[in-house]
Amino acid sequence: MINKRSTLKSLALGAVSLLAIAAGGTVSAQAENKELKIGFVGVTSGPAAAWGTSNVRSMQTRADWLNETGGVKIGEDTYNINIVTFDDQKDPKRAIAGMEKMAQEGIHYVVGPNVDDGAAAVRPVAESKGIIYFPYAFPKALYTPPASNAVLGMVANYQSGPAIYKYLKENKDVKKVAFIAANESDPLSQRDSGVAAAKELGLEVVAEKDTYQNDTRDFTPVLTPIVQLKPDLLVLSGVAPANAPLLIRAARELGYEGLISAETAQDATVLQEGAGELANGFISVGGASTPEIRTPVMEEFIERYTKKFGEYNDESNTKVYALEYIIETLKANPKAIDDVEEFKKTMDTFSAPNPYAKDSTLKYVGATSFGQKRQLSVPMVVTEFKDGEFQTLFVGEVD
């Protein structure tokens with residue numbers, strides 16, 4: 001019995017030792033990986049928080065996934081991805097501070113900011129410190145020469161707006177359009193682009209100067225004169241996710257029966273909680289995915305995101321792309337790890353399989369809009385809200 005017990009004890013200890021060695025080997029392999037810091041500077045608090053939150057959560061979900069599977073091989077080295085975040089609170093001054101922090105940490109690739117003012121404000125820091133950044137902001141001056149460090153992370157309103165108006169004109173008999181925007185540079189710029197696009201399509205613009213303060217909570221006074229004009233389409237230019245349901249509810253309660261749209265992505269949960277069935281039929285640019293075009297990788301991304309955060313934001317269908325583009329471009333040219341000029345050279349000819357959409361390719365576009373490739377190619381998905389969910393209206397793409 002003593003010999004048998006000793007043998008069993010030795011086997012057990014041996015098994016434990018083997019497990020420890022194996023585990024140690026895994027830890028050691030992970031520890032040997034280098035660290036690649038990717039930054040985020042954008043809004044994660046206040047009325048527009050959903051825009052930046054979806055950025056951060058998408059980046060963290062994908063980084064965790066890649067690190068879990070051994071890291072990312074770039075050239076001869078393998079890297080663990082570390083996402084460094086900074087909430088600029090939609091304040092240009094804080095955005096500058098955030099970008100300076102990224103520079104101090106030696107970060108060369110930053111996702112964000114999420115609004116025009118912030119994206120413009122950080123340009124001098126990005127250019128002087130050697131940072132490529134991926135804003136979700138639309139001013140063409142950020143992406144046209146001589147600017148070269150900003151890369152538009154999504155479809156711009158002046159690209160999606162004409163597509164939406166054309167679709168509604170041809171399929172919903174829209175003839176008269178009214179615009180309303182917050183009295184801030186970002187939404188006002190989007191409004192002006194939308195007005196120009198609508199007029200070019202031959203639509204009658206019956207309201208184009210109406211504005212509101214971004215902290216407004218009662219939109220009845222500003223919407224009353226617009227509703228009385230009986231437009232076929234009411235465009236909420238650059239509307240923040242927190243304000244969209246309030247505007248929709250006010251318009252419907254005033255008796256407006258026409259269509260309502262926005263060229264900014266929205267949050268289905270916020271719409272449902274704030275406007276309920278009154279938001280049914282609301283049209284907006286959705287995330288760059290639909291059930292029909294999703295790959296198994298995209299399905300798993302959604303599952304991982306939902307498990308990690310307890311919910312999923314449709315806008316993350318678009319926001320998942322920025323980190324992927326950064327990593328794949330670095331794989332294509334490892335010299336770009338520490339040299340953004342090498343990154344820029346690679347953008348012109350870069351191409352890689354799209355892990356998230358079927359029959360699609362990762363590539364840089366924007367030559368038509370900006371005269372150079374300074375935009376991520378992501379599917380342009382336009383959605384219609386119905387009973388708490390976004391449903392695909394149509395899918396397009398940008399050159």
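This briefing covers aromatic pairs and charges over rings in a predicted model. Local features need pLDDT of at least 70, side-chain atom pairs count only at pLDDT 80 or more, and totals for chains, interfaces and linings use all residues. Residues are numbered from 1 along each chain as its sequence is written, and side-chain values use heavy atoms, with hydrogens and water left out.

**Aromatic pairs**
- The structure holds 20 aromatic pairs (Phe, Tyr or six-membered Trp rings with centres within 6.5 Å; planes under 30 degrees apart are stacked, over 60 edge-to-face, the rest tilted).
- Tyrosine 165 and phenylalanine 179 pair edge-to-face, at 6.1 Å centre to centre and 90° between the planes.
- This pair links helix H6 (residues 157–171) to strand E6 (residues 176–182), with the partners 14 residues apart (DSSP runs numbered from the N terminus; helices are H or I of at least four residues, strands E of at least two).
- Tyrosine 165 and phenylalanine 179 are both buried (under 20% relative accessible area, with a 1.4 Å probe and protein chains only).
- Tyrosine 325 and phenylalanine 350 have ring centres 6.3 Å apart and planes at 50°, so the pair is tilted.
- Tyrosine 325 lies in helix H13 (residues 321–332), and phenylalanine 350 lies 25 residues away in the loop between helix H14 (340–347) and strand E11 (352–353).
- Tyrosine 325 counts as buried because its relative accessibility is 0%.
- Phenylalanine 350 counts as buried at 7%.

**Cluster**
- One aromatic cluster includes Tyr109, Phe134, Tyr325, Phe350 and Tyr364.

**Charges over rings**
- The charged end of arginine 62 sits over the ring of tryptophan 65, 4.7 Å from its centre (Lys NZ or Arg CZ within 6 Å of the ring centre and within 35 degrees of the ring normal).
- Lysine 140 lies over the face of tyrosine 158, 4.8 Å from the ring centre.

Terms used:
Buried < 20%, exposed > 50% of the residue type's maximum accessible area, 1.4 Å probe, protein only.
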